[in-house]
Amino acid sequence: MNIPLMSQLQPDTGGAFLTEAYGYALQAHRPVSNNLEGIRFAVKDVFDIAGTRTGAGNPVWFSDHEVAHKHATAVERLLSGGATFVGKTLTDELTYSLAGINVHYGVPRNPASPDRLPGGSSSGSVAAVAAGLADVALGTDCGGSVRLPASYCGVWGMRPTHGRLSGHGCLVLAHSFDTVGWFARNLQHLEQTFCALAHAETTDTEPVFLALNDTVINNLLDPAVLQAFNELKSEQADFVPVTSALELSNWAAAFRTLQASEAWMEHGVWVSRHSDELGEDIRRRFDIASGVTAGQVRSAQQIRVAAIRALNHILDDQHKVIVIPTVPTPAPLLAADAAAVDDIRMRSQQLLCIAGLAGLPQLSMPWIQVNGAPVGLSIIGGRGCDEIVLHAAQQLQARIAS
């Protein structure tokens with residue numbers, strides 16, 4: 001089948017889909033099971049699709065790279081389960097952003113709040129699911145690029161345990177943080193997708209819900225989000241308070257240093273040749289990344305080790321899960337200035353780095369509306385306890401609904 005090898009936005013999809021491979025059903029593939037039959041899935045443009053080029057949100061990257069000869073492993077797993085591919089979706093350049101802004105292709109529309117950003121870097125995938133153009137969409141999560149957009153657009157999103165899923169055939173930004181992730185319109189599809197990708201089964205293990213010390217997160221949350229979270233904790237009498245003091249500001253700074261160092265190791269050569277072809281914000285991040293020293297990495301790694309130890313102490317039983325707002329605020333307005341967007345990004349990173357630094361599974365679920373815009377609620381589990389996180393989400397959803 002002849003596939004157009006161009007990377008432009010597909011009309012009438014809210015800026016979510018790219019023309020390349022849009023609507024290409026991969027009909028030659030023969031499913032080996034029907035577990036995902038009837039589920040339509042989209043794919044962030046960092047996953048290889050046989051017969052197309054992977055664009056990584058940048059037209060020069062697209063033209064520089066060869067046509068893929070086979071599908072990324074995650075794509076192959078979904079096809080093998082009987083799911084139907086419906087198209088590639090837009091990404092922030094080289095996935096190095098949380099905003100959802102692409103200087104080359106624009107901003108995908110946030111269907112849940114059209115006057116606000118969709119969140120990045122898996123912006124097109126989240127927009128496709130939120131708009132009902134796909135039931136499931138693959139993304140990647142390094143610093144929160146599935147969890148934050150899921151919150152902003154009011155859908156389900158999951159970052160699995162780091163290393164639990166194969167990332168073969170997928171662009172990497174920072175190797176010790178990047179995971180395959182995905183969005184879904186409901187929990188059933190989220191869980192079915194995990195089982196297909198991880199070759200896993202569901203569990204009925206009863207979770208123990210933990211809530212972080214108020215002093216750790218109160219100064220990060222917008223007032224309306226803080227009030228809603230306090231009300232949730234008061235309604236759930238069995239939530240166990242965590243008294244540990246977590247140094248989230250230091251953790252987030254360490255995350256940024258390590259992510260930057262790894263991103264430069266991964267892409268520094270290409271970026272050095274093509275920096276003028278990058279958006280200003282992305283170029284600025286790579287400029288900073290190029291200057292990270294070995295001493296800074298060593299200090300950041302020491303903080304990471306301490307963070308892992310602290311979280312292992314809190315999650316000392318595989319049944320335990322942490323409940324926390326996914327991000328401190330609704331999505332920034334499209335008209336927000338750079339300072340406002342940066343403030344939200346910095347506060348969000350302090351919540352998102354918890355799972356990121358330690359490689360833990362985290363699920364974001366639809367929760368509340370603030371000024372008409374969604375804010376998600378998250379469940380974080382111990383390393384390898386993805387199935388318990390999914391079951392905890394099922395229980396927590398039922399509790400909130402009742």
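The legends below describe close-up views of a predicted model.

**View A. Nonpolar cores of the predicted model.** The largest nonpolar core has 104 residues. Phe47, Leu138 and Leu363 have the most contacts inside it. Helix 8 (residues 248–274) gives the most to this core, with ten residues. A second, separate core holds 15 residues, including Ala127, Val129, Ala137 and Phe183.

**View B. Surroundings of leucine 363.** Residues up to four places away in sequence are left out here. Among the residues that leucine 363 touches are Trp156, Gly157 and Met158. Its contacts also include Leu187 and Leu190. Leu377, Ser378, Ile379, Val389, Leu390 and Ala393 are touched as well.

**View C. Aspartate 386 in helix 12.** Helix 12 spans residues 386–401 and contains aspartate 386. This aspartate counts as buried because its relative accessibility is 0%. Beyond its neighbours within four places in sequence, aspartate 386 is in contact with Met158, Pro160, Thr161, Arg164, Phe194 and Pro361.

**View D. The salt bridge between aspartate 135 and arginine 185.** The structure holds 13 salt bridges. In this one, the closest N and O atoms are 3.9 Å apart. Aspartate 135 sits in the loop between helix 3 (123–130) and strand 3 (136–141). Arginine 185 sits in the loop between strand 5 (179–184) and helix 5 (187–198). The pair therefore ties together parts that are 50 residues apart in sequence. Aspartate 135 is buried at 8% relative accessible area, whereas arginine 185 is partly exposed at 45%.

**View E. The salt bridge between arginine 147 and aspartate 141.** The closest N and O atoms are 2.9 Å apart. Arginine 147 is buried, with a relative accessible area of 0%. Aspartate 141 is buried, also with a value of 0%.

View F. Aspartate 343 pairs with arginine 347, with the closest N and O atoms 3.1 Å apart. The two are four residues apart in helix 11, so about one helical turn separates them. Aspartate 343 is partly exposed at 38% relative accessibility. Arginine 347 is buried at 17%. Elsewhere, salt bridges with shared partners join Arg40, Asp135 and Arg185 into one network.

**View G. Cysteines without disulfides.** The structure holds zero disulfides. The sulfur of cysteine 142 is 11 Å from the closest cysteine sulfur, in cysteine 170, so the gap is too far for a bond. For cysteine 385, the nearest cysteine sulfur is that of cysteine 195, 15 Å away. Cysteine 142 is buried at 3% relative accessible area, and cysteine 385 is buried at 9% relative accessibility.

Conventions:
Residues numbered from 1 in each chain as written. Predicted model: local features only at pLDDT ≥ 70, side-chain atom pairs only at ≥ 80, totals over all residues. Heavy atoms only, no water. Buried < 20%, exposed > 50% of the residue type's maximum accessible area, 1.4 Å probe, protein only. Contact = heavy atoms within 4.5 Å. Disulfide = S-S within 2.5 Å. Core = buried A, V, L, I, M, F, W, Y, C linked by side-chain atoms within 4.5 Å. Salt bridge = Lys/Arg side-chain N within 4 Å of Asp/Glu carboxyl O.
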